[in-house]
Amino acid sequence: MAQTIETHGGADLRPSGLRGVAADFSSDQRAFKTASWGKAMMWIFLLSDTFVFGCFLIAYMTARISTPVPWPNPSEVFALHIGGQDVPLILIAIMTFVLISSSGTMAMAVNFGYRRDRRTTAVLMLLTALLGACFVGMQAFEWTKLITEGVRPWENPWGAAQFGSTFFMITGFHGTHVTIGVIFLLIVARKVWRGDFDAERRGFFTSRKGRYEAVEIMGLYWHFVDLVWVFIFAFFYLW
Amino acid sequence: MSETTAHAQVQTAHAQAHSGQQHPIGLYFFVWGLLFVLSAASYMVDYLGVQSYLRWTLILVFMMLKAGLIVAVFMHMAWERLALVYAILLPPLLVLVFVALMVSEADYTIFTRLAFFGAGP
């Protein structure tokens, strides 16, 4: 009888803690009891993406440790000349704040989505997309600036040659993720605005009825992009 | 009486489980503010030119705090079942083993470069 309660009971009847982990995984059913397949799959995708970025950062670490040539000082490389003096790393700091703000608006969008307030949700998602586009724009500016200063994947004027290749690789992949996120945001925002999740309209690709959980799953991806930036900011720009 | 209360609680829990992740909006604003403060703090580490071990410690502390807040609150990990939390958060820890391997490998590379080619590249 206890078995029946564990496997078929409501969320409130399931054991918690480590006993809960054992019960969930040994239930001969889906292991993630309260997460839908869409959310679980997004998490697993993000886990795999963690490994991708993990490998990039490890490659960067290996290159930086093993080169006898001094590593260029990111504080000076990414400084901007504002008001007659060099402000260190200012563009990167602004980019960080823009991305964190977009994470904040995304969290709000998820919240309003579950309140079924479709207009506010859509507006907040569009705001998130706008901030994301701003971020990509600033990254394009940063790339242009560095390229005109002579940074290439195989050389740069300040020190270790690997600086260019790791920079373009890591920020390039992150920028690609942000760009895909902006497109993803615009698609989901359109669905929300049109009321697809209220009218249970079927999706053009999967022919399934959508729910407001789609906004939360979209949010997981967006927060992950912000999360990766936290690590890039710490290891590449500040270290 | 207590039975009725328990029943009501079960029903509330049920309702919450079915309406998805719904948390007070003030919590999001609070975390948002904290992330801003932590980002500003990590930028100040560079701006003030803190160096060496203090710099690396501060960078790592601010980084882990920011990452923890984003995952726990913005990505709702704090309210998920422990089975999902462990399935997603434990595997990345293995990356640390990879880091340790590559630190040792890179140390060996720089050692051979210096030993056989002098200080040149």
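Predicted model: local features only at pLDDT ≥ 70, side-chain atom pairs only at ≥ 80, totals over all residues.

Reply: Residues are numbered from 1 along each chain, chains are lettered from A, and side-chain values use heavy atoms, without hydrogens or water.

Me: How many residues does helix α6 of chain A have?

Reply: Helix α6 (residues 118–148) of chain A has 31 residues. Helices here are DSSP runs of H or I, at least four residues, numbered from the N terminus. From first C-alpha to last, α6(A) reaches 45 Å, close to the 45 Å expected at 1.5 Å a residue (1.5 Å times one less than the number of residues).

Me: And what follows α6(A)?

Reply: Gly150(A), with a positive phi near 100 degrees.

Me: New topic. Where is His76(B)?

Reply: In chain B, His76(B) sits in the loop between α3 (52–74) and α4 (82–89). Its phi is near 65 degrees, positive although the residue is not glycine.

Me: Is His76(B) buried or exposed?

Reply: His76(B) is buried, at a relative accessible area of 1% (buried is under 20%, exposed over 50%, partly exposed in between, with a 1.4 Å probe and protein chains only).

Me: What about Glu200(A)?

Reply: Glu200(A) is partly exposed, at 43% relative accessible area. Its phi is also positive, near 55 degrees.

Me: Last one: which residues are in contact with Met125(A)?

Reply: Leaving aside neighbours within four places in sequence, they include Met106(A), Leu185(A) and Met218(A). Contact means heavy atoms within 4.5 Å.

Definitions and conventions
Helix = DSSP H or I, 4+ residues; strand = E, 2+ residues; numbered from the N terminus.
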